[in-house]
Amino acid sequence: MNRIRSSSRTLVREWGFLRATIAGTSYSPSAVHALIEIDEKGQSTAASLVELLGLEKSSVSRLVGKLVAAGELMEVAGDLDGRIKRLRLTSRGRRTVASIHAYGQAQVEAALGRLSATQRRVVATGLADYADALTAQRRNLPGAASATDVVQVVAGYRPGAIGRIAEMHAAYYARHHGFGQFFESKVAAGVAEFAARLDHETNQLWLAIKDERIVGSIAIDGQDLGEDQAHLRWFILDDVARGTGVGQRLLEQAIAFCDEANFKSTHLWTFAGLDRARSIYEKHGFTLAKEWKGNQWGVELVEQQFTRPGDCRDRGRGSGDASG
């Protein structure tokens, strides 16, 4: 216990959170955190930042005012209620966030360079679990949400995973794109075949779990394509997990796995129209390689292939791959 507390203090100190400014900017840690969160969600509100940052309303109001005055943020009237101001990054704000991520990435990579691949995986998993536990503890305070509201991301197969992954795909794509039995059967068969190969070192599955129920998934198949190429598959979220940042966490785990395994490239197949998913992919270094008209999912669509070269962590950071 004392070692964890000591390590936590070291992290706070080494990451620079005790300084007035952070990440090579002229902004405070809370301001930098706010910019990153708004970037990841696309937009936010002052009220959301109050809850997220754990600051008083007046402090967040001043923080937002400074960022707007600095040209980092802009306020936009809400679609349903014009009195609610949505906060979005300006072009300057996007450049600032890109610089913040480049700074942070260099800091993390320099430290991880001193560790083995196994140690890096332990750090990634341990920090994620510790962060989830801290969030659960905060939410379990009187008057706050229950700790069971926290979504955990775990690696590896869990009982029921094959059925739930197929079910989430079938429900989402039937409702939004008219996919039917052909698609669901294809997903189920593909996941079942892949699950039998999970013991191979180049394959991994991550599941998002809430209240002991699987609410999201993503997989990296390092055997399917051959030639040292990774296939990103079955990236999907249940409705209860959408907008919570879980999708971002799942994709980050998968990309980190690919980078550590030193794949020459990572590929995913999807189709035109999934704009939010495309935005997330592109933030993680994926680019559109080609597109064509096809019906591999039982419905004619403009199919797309996205590709991410090798380890391109210096290009940026951060649903899904309908094809599996």
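**View 1. Strands β4 and β5 pair in the antiparallel sense.** In this predicted model, the pairing of β4 with β5 runs over 7 bridges. Lys 210 has Arg 213 of β5 as its bridge partner. The hairpin of β4 and β5 has 2 residues between the strands, and Asp 211 in this hairpin takes a positive phi near 55 degrees. Of the 9 residues of β5, 8 are buried, so this strand is largely enclosed by the rest of the structure.

**View 2. Strand β5 also pairs with β6.** This pairing is antiparallel too, over 5 bridges. Asp 221 stands opposite His 231, a residue of β6.

**View 3. An open sheet is formed by 7 strands.** The order of the strands is β3-β4-β5-β6-β7-β9-β8, and the pairing is mixed. The edge strands, β3 (152-155) and β8 (287-294), each pair on one side only. On average, neighbouring strands of this sheet are turned by 25 degrees against each other, direction ignored.

**View 4. Helix α8 spans residues 181-195.** From first C-alpha to last, the 15 residues of α8 reach 21 Å, close to the 21 Å expected at 1.5 Å a residue. Which residues of α8 are buried? They are Phe 183, Val 187, Gly 190, Val 191 and Phe 194. These residues lie on the same side of α8 because they cover an arc of only 95 degrees around the axis. An α-helix has 3.6 residues a turn, so residues three or four places apart point the same way. The buried residues of α8 are covered by elements including α7, β4, β5 and β6.

**View 5. The largest nonpolar core has 48 residues.** Those with the most contacts inside this core are Tyr 173, Trp 206, Leu 207, Ile 218, Ile 220, Leu 232 and Leu 250. Helix α9 (residues 246-261) gives the most to the core, with 7 residues. Leaving out residues up to four places away in sequence, Ile 218 touches residues including Trp 206, Leu 232, Trp 234, Leu 250 and Ala 254. Another core, of 20 residues, lies apart from the largest one; among its residues are Ile 22, Leu 35, Leu 73 and Ile 100.

Definitions and conventions:
Residues are numbered from 1 along each chain as its sequence is written. This is a predicted model: local features need pLDDT of at least 70, side-chain atom pairs count only at pLDDT 80 or more; totals for chains, interfaces and linings use all residues. Side-chain values use heavy atoms; hydrogens and water are left out. Two strands pair if DSSP finds at least two bridges between them. Helices (H or I, at least four residues) and strands (E, at least two) are DSSP runs, numbered from the N terminus. Axes are lines fitted to C-alpha atoms, for helices over the stretch in contact, and angles run from 0 to 180 degrees between N-to-C directions. The expected span of a helix is 1.5 Å times one less than its number of residues. Buried means under 20% relative accessible area, exposed over 50%, partly exposed in between (1.4 Å probe, protein chains only). The arc is that of the directions from the helix axis to the C-beta atoms. Contact means heavy atoms within 4.5 Å. A nonpolar core is a set of buried Ala, Val, Leu, Ile, Met, Phe, Trp, Tyr and Cys residues joined through side-chain atoms within 4.5 Å.
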